[in-house]
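Could you walk me through how to read the helices, contacts and salt bridges of a model like the one below?

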Amino acid sequence: MKPSNHSAVYVESTETDVRELTRRLLVDLGGPTVQAMAGSRDNTAPHRWAHPQGTGPDPVEEQRVRLGYRVWKTLQSLGDREKAALWMLDANPELDGATPVAFIAQLHTREVIDVAEAFVLEQLPVSGT
């Protein structure tokens, strides 16, 4: 397992079309999780955002989707999709008992990124010297 490249993840999350990011998140995490991280009350919204001819998210929802993708991409370096998805939805003591998805919806960028990166590093095997 190799930790993700922080800079490459940031660039990908900011430069990739939001429709593509939404589509990837829908495939990996499902509509309810994407809806929650985007802070949308409409459960069909993420599917419209992912559709080439659909309406896009508003600017704040887009920021949340991009942050959610950034966190998800960081977690993908675990090599365990199920563990990463559970981490996104579980209450986290490092986030005051809230879920990472809730911190994404609140746009607490630094906090959720730092905790995601620390989680990935904790999962790395310790090499003997």
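The dialogue below takes up one kind of feature at a time.

Q: What should I know about the model before I start?
A: This is a predicted model, in which local features need pLDDT of at least 70 and side-chain atom pairs count only at pLDDT 80 or more, while totals for chains, interfaces and linings use all residues. Residues are numbered from 1 along each chain as its sequence is written, and side-chain values use heavy atoms, with hydrogens and water left out.

Q: How is a helix defined here, and which residues of α3 are buried?
A: Helices are DSSP runs of H or I with at least four residues, strands are runs of E with at least two, and both are numbered from the N terminus. Buried means under 20% relative accessible area, exposed means over 50%, and partly exposed lies in between (1.4 Å probe, protein chains only). In α3 the buried residues are Gly31, Thr33, Val34, Gln35, Met37 and Ala38. Six of the eight residues of this helix (residues 31-38) are buried, so α3 is largely enclosed by the rest of the structure.

Q: Which helices do the buried residues of α3 pack against?
A: Contact means heavy atoms within 4.5 Å. The buried residues of α3 pack against α2 (18-29), α4 (45-50), α5 (59-76), α6 (81-89) and α7 (100-105). After α3 comes Gly39, with a positive phi near 75°.

Q: How do I describe two packed helices, and at what angle do α2 and α3 pack?
A: Two packed helices are described by the angle between their axes and the distance between the axes. Axes are lines fitted to C-alpha atoms, for helices over the stretch in contact, and angles run from 0 to 180 degrees between N-to-C directions. Angles under 35 degrees count as roughly parallel, over 145 as roughly antiparallel, 65 to 115 as roughly perpendicular and the rest as oblique. For α2 and α3 the angle is about 130° and the axes are 7 Å apart. The two helices α2 and α3 are therefore oblique to each other. Thr22, Leu25, Leu26 and Leu29 of α2 make this contact with Gly31, Thr33, Val34 and Met37 of α3. Sorted by class, the contact of α2 with α3 has five nonpolar, three polar and no charged residues. Here Ala, Val, Leu, Ile, Met, Phe, Trp, Tyr, Cys and Pro count as nonpolar, Asp, Glu, Lys and Arg as charged, and the others, Gly among them, as polar.

Q: Are α5 and α8 roughly parallel or roughly antiparallel to each other?
A: The axes of α5 and α8 cross at roughly 10° and come within 9 Å. These helices, α5 and α8, are therefore roughly parallel to each other. On the α5 side the contact has Leu67, Arg70, Val71, Thr74 and Leu75, and these meet residues of α8 including Val112, Ile113 and Phe119. The contact of α5 with α8 divides into eight nonpolar, two polar and three charged residues.

Q: How many residues does the largest nonpolar core have?
A: A nonpolar core is a set of buried Ala, Val, Leu, Ile, Met, Phe, Trp, Tyr and Cys residues joined through side-chain atoms within 4.5 Å. The largest one has 31 residues, and those with the most contacts inside it are Leu25, Val71, Leu75, Trp87, Met88 and Val112. Two or more residues come from each of α2, α3, α4, α5, α6, α7 and α8 (109-123).

Q: How many salt bridges are there, and which residues are linked in a network?
A: A salt bridge is a side-chain nitrogen of Lys or Arg within 4 Å of a carboxyl oxygen of Asp or Glu. By this rule there are eight. Glu12, Glu20, Arg23, Arg24 and Lys73 are linked in a network. Within it, Glu20 and Arg24 have their closest N and O atoms 2.9 Å apart, and both lie in helix α2, four residues apart, about one turn of the helix. Arg24 also meets Glu12 in a salt bridge (2.7 Å, N to O). That pair links Arg24 in α2 with Glu12 in α1 (residues 6-15), twelve residues apart.

Q: Is Asp28 buried or exposed, and which residue does Asp28 meet in a salt bridge?
A: Asp28 is buried, with a relative accessible area of 17%. The side chain of Asp28 meets that of Arg81 in a salt bridge (2.6 Å, N to O). Arg81 lies in helix α6 and Asp28 in helix α2, so the pair ties together parts that are 53 residues apart in sequence.
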